[in-house]
Amino acid sequence: MDTSDAVQRIAAAVTPAVMVSACGLLALGIDNASARVSGRLRDLARELRGIAPGDARATAIREQTIVLARRHGLYVTALLCDYGALLAFVLTSATALSAVFHGSDALPLALFAIGVALLTVMAVCALMSVRLSRRAIILEEREVLASGRSAGGP
């Protein structure tokens, strides 16, 4: 193996490692967003238990719960895809290094492609969740405006 071939193989092993770091950062952000949605869902459930049956707020809480539950599901899917991509990139690095001895680049390339595909699904889920976050705000806004009260008023 000549020097340029060795450098190319090291680059092939290092590139997925950079992707692993990126996946870790993405996972942190997605996990934080998921935790915020979980907290909001718990707050809504607590609020629903404390209001009288037939209260108009109950309908708004139920509508928001549906939207937030969908958002949470998208975050879970995004997080699972992100961790799957992370695993694929780690395996890409491992198999790229072992390819030095076995001579086949097919498996590292396939694993890298799987990682990229999983990140694509993760990004789509995150985008869909952002769109749903707007929907939850619209529901809250509708209720506030319908009640004729300002958010800070009595």
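These legends accompany several close-up views of the structure above. The model is predicted, so local features need pLDDT of at least 70 and side-chain atom pairs count only at pLDDT 80 or more, while totals for chains, interfaces and linings use all residues. Residues are numbered from 1 along each chain as its sequence is written, and side-chain values use heavy atoms, with hydrogens and water left out.

**View A. Ser34 in helix α1.** Let's start with helix α1, which spans residues 3–49 and holds Ser34; helices here are DSSP runs (H or I, at least four residues), numbered from the N terminus. With a relative accessible area of 9%, Ser34 is buried (buried means under 20% relative accessible area, exposed over 50%, partly exposed in between, using a 1.4 Å probe and protein chains only). Not counting residues up to four places away in sequence, Ser34 touches His72 and Tyr75 (contact means heavy atoms within 4.5 Å).

**View B. The largest nonpolar core.** This core has 23 residues, and Ile30, Leu68, Leu119 and Met122 touch the most other members. Two or more residues come from each of α1, α2 (56–102) and α3 (106–147), with α2 giving the largest share, 10 residues. A nonpolar core is a set of buried Ala, Val, Leu, Ile, Met, Phe, Trp, Tyr and Cys residues joined through side-chain atoms within 4.5 Å.

**View C. Met122 and its contacts.** Which residues is Met122 in contact with, leaving aside neighbours within four places in sequence? They are Leu26, Ile30, Ala78, Cys81 and Asp82.

**View D. Leu107 in helix α3.** Here Leu107 is partly exposed, at 49% relative accessibility. Leu107 lies 16 residues from Leu91 in sequence, and their C-alpha atoms are 9.3 Å apart in space.
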